[in-house]
Amino acid sequence: TFPLLRRPFTFWDVQPHKDAWTNLALVYTIVGRGTEILSRKKPLETVGFMGPVGLGFTLKRDRRVYLFVAGGVGIVPFYHFARQIRESGHRARILLLFGARTKSMLYGIDEFSDHGVEALAATEDGSSGLKGLVTELMVRELSMLDLKHVIVYTCGPDRMMDRVVRITREYGLP
């Protein structure tokens, strides 16, 4: 049977052209028939999609430090958001904390430097960056920041995001 259900994806990057989006870059993992079919698409082939849907990130000009906390494929929306921040002219420090099981799962981390993002990793197996969870890295980095200028954004597994929310509450951060 043909997979008819829509799949949720986040844009890695968008190339706008006049009043339309013309090129969307997606990051995905093949987990079933639908993503396997998508993986066979060739450049310039079209696919139908519905979007954007969901909640995006909001630029906060009163903040000097943007702290991105990402886990796994939760890294994906931060690339485009970092680009939006820079294109807006905002010169805030952007610090990306990216957690994954192993170094091979730190998708695209090196590309963030193109937008002046400082990227740090935490891997559960210790193959890159801090050995442990990204939330442990978050607590370490928060201890070195002037917290009155920090805003935290997060995307990733529910358990990770729950812990990030608890930490931001402990530190009184938005």
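In H2, the buried residues are Val76, Pro77, Phe78, Tyr79, His80, Phe81, Ala82, Arg83, Ile85 and Arg86. That's ten of the twelve residues in the helix (residues 76–87), so H2 is largely enclosed by the rest of the structure. Keep in mind that this is a predicted model.

**Around H2**
- Just past the end of H2, Gly89 has a positive phi of about 90°.

**The sheet**
- Five strands make up an open sheet with parallel pairing, and their order is S6-S5-S4-S3-S7.
- S6 (130–131) and S7 sit at the edges, each pairing on one side only.
- S5 and S6 are joined in the parallel sense by two bridges, and Ala122 stands opposite Leu130 in S6.
- H2 packs on this sheet, touching S3, S4, S5 and S7, and its direction makes about 165° with that of S3.
- Helix H3 (residues 134–142) packs on the sheet too, where it touches S3, S4, S5, S6 and S7; its direction makes about 150° with that of S4.

**Nonpolar cores**
- The largest nonpolar core has 23 residues, and Tyr66, Phe68, Ile75, Leu96 and Phe112 have the most contacts inside it.
- S3, H2, S4, S5 and S7 each give two or more residues to this core, with the largest share, six residues, coming from H2.
- Leaving aside neighbours within four places in sequence, Tyr66 touches residues including Phe81, Ile85, Ile94, Leu95, Ile151 and Tyr153.
- A second, separate core has 17 residues, among them Met138, Leu142, Leu145 and Ile167.

Definitions and conventions. Residues numbered from 1 in each chain as written. Predicted model: local features only at pLDDT ≥ 70, side-chain atom pairs only at ≥ 80, totals over all residues. Heavy atoms only, no water. Buried < 20%, exposed > 50% of the residue type's maximum accessible area, 1.4 Å probe, protein only. Helix = DSSP H or I, 4+ residues; strand = E, 2+ residues; numbered from the N terminus. Core = buried A, V, L, I, M, F, W, Y, C linked by side-chain atoms within 4.5 Å. Contact = heavy atoms within 4.5 Å. Pairing = 2+ DSSP bridges. Axes fitted to C-alpha atoms, helices over the stretch in contact; angles between N-to-C directions.
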